[in-house]
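The paragraphs below lead through the structure one part at a time. Keep the sequence and the model open while reading.

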Amino acid sequence: MSDITDLSFSELKKMLQKKSLSSTEITTAFLDRIESLNPELNTFITITRDEAMQSAKNADKAISRGTATAYTGIPIAHKDLFCTDGVLTTCGSKILSNFVAPYDAHVVSRCKAAGLVSLGKLNMDEFAMGSSNENSYFGPVRNPWDKTRVPGGSSGGSAAAVAAKLTPLATATDTGGSIRQPAAFTGTSGLKPTYGRVSRFGMIAYASSLDQGGLIAHTAEDLAHGLGLIAGHDSRDSTSAELPVPDYTEVLSDSLAGKVIGLPKQFFDANLNTAMRNAMDAVLDVLKSLGATTVEISLNHVAEAIPAYYVIAPAEASSNLSRFDGVRFGYRADKPTDVLDLYERSRSEGFGSEVKRRILIGTYALSEGYYDAYYKKAQQIRRLIRDDFNRALASCDLIFGPSTPSTAFGIGEKNSDPVSMYLEDIYTVATNLAGLPGGSFQAPLVNGLPTGYQLTGPAFGESIILNAAYQVQTATDWHRLNPGGL
Amino acid sequence: MSLTSDHVKRVAKLARLGLTDAETTETLTQLNSILDLVDQMQRINTKDVVPLAHPLELKQTLRADEVTEMDQREKFQNTAPQADDGLYLVPRVVE
Amino acid sequence: MYEAVIGLEVHVQLSTNSKIFSGSSTDFGAEPNSQASLIDLGMPGVLPVPNAKAFEMAVKFGLAIDAEIGQKSIFDRKNYFYPDLPKGYQISQFEKPIVGPGRVLISLEDGTKKTINVTRAHLEEDAGKSIHDAFDGMTGVDLNRAGTPLLEIVSEPELRSAKEAVAYLKVIHSIVRYLDISDGNMAEGSMRCDCNVSIRPEGSATLGTRTEIKNVNSFRFVEKAINTEINRQIDILEDGGRVIQETRLYDPDREETRSMRSKEEANDYRYFPDPDLLPVVLDDSFIETCRVNLPELPEARKARYISEYGITDYDAGVLVADRDVADYFAEVANTSGEGKLAANWVMGSILAELNQTGGSITNFSVTARQLSHLIGRIKDNTLNSKTAKTVFEALLAGEGEVDAIIEFKGLVQVTDTGAIEVIVDEVIAENPDQVANYRAASEDKKSKMLGFFVGQVMKKSQGKANPQAVNQILSSKLSG
């Protein structure tokens, strides 16, 4: 038998059900691996060993008593922007470096209720702003495939932890690509559900109309199990959809015969490098061999998605982050002379430079005299983009493209130029603007590094995405490739 | 549109972010390059396009008027930088 | 001569049980921060969910002032930093308020009526309270009030004097009380008023520079603050100066307004639609239900009182201004069957008493039932106006029920003519000079002089003699 930590979420589920392994054994194995690898990978900000061992023990009791759920005892780790009652919740920021959340996020309480064992809190770009995980107050996360490279961001800790087998499943969030890009960079499967599918309650906001909680795991099947756990209406989130949650595992084995895959011509233009194009073609060949057909589609305004995103997201963020003022929680500057000094120093000392940049851009975009030219304009473009997607999805079942323009880049490589970093999300942001579900799944390696392909579906069409990815994973072993040298 | 350092100072003030002169200068360059990126929006004609605030265009559900919260002051104030006698404390505000 | 141009922004705390975006209690006077939930504190990760009742109340107000109802209203964020504003923004309504243009009718002292247009009314959340005097060099922040639903009612600048402003404010107060959407308690801050004041030369069509006086918390202070500010502005213009647009605070102790330093900086609130909330769409049936459940409003009740109880326009206006007073009056009038007497008693004795003590009719020591009983005893001649007054005072002092007081104090009116004749004879015997004068006087003077004798008789009878009988017996005996 392979190591416990090599097992996927779905495999661990089976082992627990067969009682071949106990939750205590599983949890211990993951915690030990975390302790040995985290110092160099820096994926965890907080490791909750004692709490994890206690919940593993409770899980084993529940299993032996027959009161367990289908998922009791399987480990998970949470991106450090999901509030966890009594546990440090930092959002990757100095300003929350001392913040012990007084409540559980909806996603966290759903996982607890299902009996999952939380191993700890995962590193991330500060306030989920970034595409490299270098913007963390707690230091950069290293990509398990090549420790000189970034794991992507902002859910870099989640992706790297799954890739390094420090947890079989990780929660993550995606505002402009923060699940899909790191999943692609680390050879993992990541799903950003439809806006409104997963409650945002307790998920520290970056950009409220774009943020969506999701998951990173080894396989589409794992994601199907995980999504079933965290999806569904929550009356505490006004933007949470009142729709039933299907059994996402039920349709995984459906045939892809007759499914139409849309290929946006804007994604397959001269800007896509040959290596990436070849990797995408390899995936498309598999999809076709499984019975799917392809059709060229056009997303006319996708080039304006990044510009619109960098108005809407910073604008919302500039307001969302006003609550970090050093009054009721979080970091407070030493010996403030007056309230203005308290605000200005707590915030300038507490926020990192990328966060400050976005707050400034967002404040500017909303300020008097500029609102129409920036914010309103961006919201108009948002409608055009959403309409493009809806039109395209009338002629196909799924939209296919690369998740990223390239494989993982080096740590420090894009730090000096924020704009080049922003262009990392060129294939992913439009999905967020349209509010649609999107997944990134393992494509062939390029120069020994992982790549990912992206599937975007209709609103609440997560099942179709997971079905297609599952079928590809059944026919290939790209998702089984492991980073060496760990 | 191009920013000046006065813009940056004014915006930083609105956002309550203290910036040193050196930071203001550095920020100015970065913000201008971001605005160059953002200004690519202007090439699209959006006349008569209704702004889209939420992707799904749902409508708000309203809550029943019921008291559901209990006093958790002690727990909440555990995480406060400075609180006394149940109050959060800040440097004296002059009205 | 100058003309004042005044517009009011009235903030009314809605009397919901829970806050506008959280399930915290809105009760007044709790321990600091004991009613501040995760949401009210603006904790990281929390989200607002609006209270249906606040919408119902806002719609009722809109219907009461004949306003357009915003069937699709949108919450916006108003961004600014202040310690008692936990999120760094206030959730309010900017472009699409729940209540659009409407109007109210005010009555002025000279009896004329004037329509004041209401620009809009929108829902928003209240801020917390800053406590400046409890800690040395520090301000304490209590967020119990944060998130209490407010309806901000904005008038057009159509008010021309402090008196008009007060009359308008009283109408708004009366409407919210009738609708039972707020307790309207200005002392507790349930209703607060910002006054926008400018002046211009009479006849001028252009507006002068306005100042905003923040948070004035009584009718009296509104009048004083506006007059003080008008005079200040006149002084500035007379001295050749310019009025600066700014926010000012009224200091009732010094009877002056002064600039608020903390609000001096030009604000740029960066309003934008709150992405945590969706458009609130109210369907016709919701609005119709509110309309059907609308109570009788002050103007309608006034008309009804005039016709049902035969009281004057003026009296009806005074009686209906406060819903509780109006209800009290109606109960007295209905049970006693004496509308005019009831009106006299409520206006003369009760409102005077309440004015003096600052109390409220809802916990007034004389109940409507007692007053009605008292009026019954006047009607059946047990009491005359003087003894009735004595009984009323005893009721006020809590000395018991009407009949018990009459008995205990021996106040039953003497209608027995024999007993009155004895007293009259005594008075005539004791005042020979006055009697001589009376008899010598002309007829028209006699009726005036009779008052002296009546007074003497009443005094001797300890107020119990029936005044009509006294008059009759005196006139006949004196002429004899």
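Between chain B and chain A about 5300 Å² of area is buried, and carbon and sulfur atoms give 67% of it. The model is a predicted one, and these values are computed from it. Chain B brings 52 residues to this contact and chain A brings 65 residues. On the side of chain B that touches chain A, 30 residues are nonpolar, 13 are polar and 9 are charged.

Which elements of chain B give two or more residues to the side that touches chain A? They are helix 1 (5-14), helix 2 (21-38), helix 3 (73-77) and strand 2 of chain B. Helix 2 of chain B has the largest share of that side, with 9 residues.

B:E57 and A:R383 form a salt bridge, and their closest N and O atoms are 3.2 Å apart.

The area buried between chain A and chain C is about 2800 Å², with 60% given by carbon and sulfur atoms. In chain A, the residues that lose the most area to chain C are A:S238, A:R323 and A:R328, which together account for 22% of what that side buries. The contact draws on 37 residues of chain A and 31 residues of chain C.

How many salt bridges does the rule find across the interface of chain A and chain C? It finds 1 salt bridge. The side chains of A:R200 and C:D276 meet in a salt bridge, with 3.2 Å from N to O. Polar contacts across the interface of chain A and chain C number 17 residue pairs, both residues being at pLDDT 80 or more. On the side of chain A that touches chain C, two or more residues come from each of helix 9 (305-320), helix 10 (339-350) and helix 11 (353-366) of chain A. Helix 9 of chain A gives the most to that side, with 4 residues. Sorted by class, the side of chain A that touches chain C has 17 nonpolar, 11 polar and 9 charged residues.

Two aspartates can now be looked at in turn. A:D325 sits in the loop between helix 9 and helix 10 of chain A. Is A:D325 buried or exposed? A:D325 counts as buried because its relative accessibility is 1%. The side chain of A:D325 reaches the backbone nitrogen of A:V327 at 3.1 Å. Beyond its neighbours within four places in sequence, A:D325 is in contact with A:L342, A:Y343, A:S346 and C:P86.

The other aspartate, B:D85, lies in the loop between strand 1 (83-84) and strand 2 (87-91) of chain B. B:D85 is exposed, because its relative accessible area is 61%. Not counting residues up to four places away in sequence, B:D85 touches C:P32 and C:F135. B:D85 and B:P55 are 30 residues apart in sequence, and their C-alpha atoms are 45 Å apart in space.

Inside chain A, helix 4 (residues 106-113) has buried residues at A:H106, A:V107, A:V108 and A:C111. An α-helix has 3.6 residues a turn, so residues three or four places apart point the same way. The buried residues of helix 4 of chain A pack against strand 2 (75-79), strand 4 (169-174) and helix 7 (220-230) of chain A. After helix 4 of chain A comes A:G115, whose phi is positive, near 90 degrees.

Over all chains, the structure holds 0 disulfides. A:C111 is in no disulfide, and the nearest cysteine sulfur, that of A:C83, is 14 Å away. With a relative accessibility of 2%, A:C111 counts as buried. C:C195 is in no disulfide either, and the nearest cysteine sulfur, that of C:C193, is 4.0 Å away. C:C195 counts as buried too, with a relative accessibility of 0%.

Technical notes: Residues numbered from 1 in each chain as written. Chains lettered and ligands numbered in written order. Predicted model: local features only at pLDDT ≥ 70, side-chain atom pairs only at ≥ 80, totals over all residues. Heavy atoms only, no water. Contact = heavy atoms within 4.5 Å. Buried area = accessible area lost by both parts, 1.4 Å probe. Salt bridge = Lys/Arg side-chain N within 4 Å of Asp/Glu carboxyl O. Polar contact = N/O pair within 3.5 Å; in protein donor to acceptor, adjacent residues only side chain to side chain. Nonpolar A, V, L, I, M, F, W, Y, C, P; charged D, E, K, R; others polar. Buried < 20%, exposed > 50% of the residue type's maximum accessible area, 1.4 Å probe, protein only. Disulfide = S-S within 2.5 Å.
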